[in-house]
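Please look it over before reading on.

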Amino acid sequence: MVPLIKEIRIHGRGGQGNVTASEFLAEAAFTDGLYAQAFPMFGSERHGAPVTAYVRISDAPIRLRSQVYEPDYLIVQDASLFTGDDLLDGLKDGGLVVINTEQPPSEFDVPDRYRAVTVPATQLALEIVGKPIINTIMVGAFAGASGEIRLDALEKSVRERYPGELGEKEIIAMRRAFEDTRSVLS
Amino acid sequence: MRRILEGSRAVAEFVALCRPKVVCAYPITPQTHIVEDLARMLADGRLDAGYVLADSEFTAASVVLGASATGARAYTATSSQGLLLMTEVMFNIAGMRLPVVMTVANRAVSAPINIWNDQQDSMSLRDCGWIQMYAEDVQEAGDMHIQAFEIAERLNIPVMVCMDGYILTHATETVDVPGPEQVDSYLPPFEPRFYLTPDDPITLGSMAGPDAYMEIRMLLHQAMQKASQAIVDSAARFAGEFGRFRGDLVEGYRDSDAEVLLVSMGSLLGTMKEVVDELRDEGHPVGIIKVRTVRPFPRNQLHEALHNARVVGVVEKDISLGLEGILCSEIRSAFCGASLTPNISSFVVGLGGRDVRKRDIRKIALGLLSDDTCRVEMTGVDHEVLWSAHQIED
């Protein structure tokens, strides 16, 4: 049987928790009994510099170690990185893009063969968490829009890493993003 | 227990399970997370060891030398320039037969400065008298540390566990972390054959003149040759106790009837196995030989594994400038005096973190199927950039 493998590429800027976001997704997949691999492609680490992180999720052990060139999903943590074709490069037909922005998807030049969802993650973070921590919200939005990851499994990872009040606030924001994106696509 | 962990963190967990008495390191990307995590475990009371933050890699190597000489189980980790700065001490640790274990988070060597992965660092130190093993994935990297301490202490030879920087050190993946009782039963406390103590003074690393130096080198060489069997035994015993076997010296993958065999080491093997499965489905007789142990060099095992192939392509992330890939030259030596020798070619890939894609491996394999001429290639180089540079040079 050919293993089912899903690939996710995360685009963000140094300091936005891109690598942690990839780890949340891998951990949640693991919690659900799947195999997962998450890894970053750094420049030298600097705040604000573009960072890419990758996730593979599969029902079989993952051997492939190259970067992700033909993702099923894109998570764009900073809309200013959305410069069109470069960012969408390799996205599979029918692939989904989740963008952190207050703008509607129609404001972005996404070809019809893809699906796009936007989520005001920065706004939600400031409103609910009180700090611009967006990665938990973005993975929540991804889970809602894609159906690939269970919210409970994500909550478990967030709670383990950020026990206490901050983590609980992040989880409230994450749930909100999950519900919002789920209703958008259904 | 199955967990999902970043490679560095997994290695720190496995190293802690080995109960080192002294950990000493100097931080360098991409090794840093390993020693950071060990420091955290120490602070949390999960690790009972002396932890020395060194002021350079030279000091770090010197501290573990001294610690090991007093009979303590000693561990360090480094990368790239850090490893090269340790060079003098590395020879001393081996020459004094001290069973230090070190993780090398493989990284390119400057200049130009580059923090990303290749294997030039450890391959450049292959002659310093340390056993060298290369891990294919995070699980194997973790398991290899348990085996490394056991082998090192049984033979009094230091062991370097090499894992690809970033690709493994920064990859979060599923890993089975054994329980402490299981590790304790495989790896008993270190009982040194000799150690420095004021109660019974001895000298280590004293002068040996022309009348004795050569015999001591010969003894080291013989001990290293004998280490092959110890590595085989250790891997077999590990398989018995932990239920995991990832090879000992070399390990084949779909190789039995292969006309073309690709040889490699480290994390490249995962991507290569994916490609070989695809090529096999298309009917191409391609297989893989994984080199798990680079020192002692498994010459006989490689001859046995490769001699029936028509073509061999050695794919590696290092180069002996002016010659070819280092492993490739060594594999040629396995066929010295043989009447039938496969055509052996060298493919240097992935230097300085250049991503190695499935299509790169596919191109190498298909190229060897259609043209078995011996050659030396750097795969994935931008020839337009090279052409421009040549214009300027000329």
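The model is predicted.

## Overall form of chain B

By that definition, chain B has 14 helices and 15 strands. Its radius of gyration is 21 Å, and the globule rule gives 21 Å for 394 residues, so chain B is as compact as a globular protein of that length. A box of roughly 70 × 55 × 50 Å, taken along the principal axes, is filled by the C-alpha atoms of chain B.

Of the 394 residues in chain B, 53% are buried. Contacts between residues at least 6 apart in the sequence of chain B join residues at least 24 apart in 79% of cases.

## Two domains in chain B

The domain assignment divides chain B into domain 1 (2–242) and domain 2 (251–388). Between the C-alpha centres of domain 1 of chain B and domain 2 of chain B there are 28 Å. Where these two domains touch, 26 residues come from domain 1 of chain B and 21 residues from domain 2 of chain B.

On the domain 1 side of this contact in chain B, at least two residues each are supplied by helix 6 (120–124), strand 6 (131–134), strand 7 (159–164) and helix 9 (213–242). Helix 9 of chain B gives the largest share of that side, five residues. Sorted by class, the domain 1 side has 14 nonpolar, seven polar and five charged residues.

## Where chain B meets chain A

The contact between the chains takes 17 residues from chain B and 17 residues from chain A. On the side of chain B, strand 8 (172–176) and helix 10 (268–281) are the elements that give two or more residues. Helix 10 of chain B provides the largest share, four residues. By class, the chain B side consists of five nonpolar, six polar and six charged residues.

Strand 8 of chain B also pairs with strand 2 (residues 35–41) of chain A, in the antiparallel sense and over two bridges. A:Gln37 has B:Glu173, in strand 8 of chain B, as its bridge partner.

## A helix in chain A

Helix 3 of chain A covers residues 121–129, and its residues A:Ala121, A:Leu124, A:Ala125 and A:Val129 are buried. Viewed down the axis of helix 3 of chain A, the buried residues fall within an arc of 100°, so they line one face of the helix. Just after helix 3 of chain A comes A:Gly130, with a positive phi of about 85°.

Definitions and conventions: Residues are numbered from 1 along each chain as its sequence is written. Chains are lettered from A and ligands numbered from 1 in the order in which they are written. This is a predicted model: local features need pLDDT of at least 70, side-chain atom pairs count only at pLDDT 80 or more; totals for chains, interfaces and linings use all residues. The radius of gyration is taken over C-alpha atoms; the globule rule is 2.2 Å times the number of residues to the power 0.38. A residue is buried if 20 or more other C-beta atoms lie within 10 Å of its own, exposed if 12 or fewer, and partly exposed in between; C-beta atoms are placed from the backbone. Two residues are in contact if their C-beta atoms, placed from the backbone, lie within 7 Å. The arc is that of the directions from the helix axis to the C-beta atoms. Domain bounds come from an automatic or database domain assignment. Ala, Val, Leu, Ile, Met, Phe, Trp, Tyr, Cys and Pro count as nonpolar, Asp, Glu, Lys and Arg as charged, and the others, Gly among them, as polar. Two strands pair if DSSP finds at least two bridges between them.
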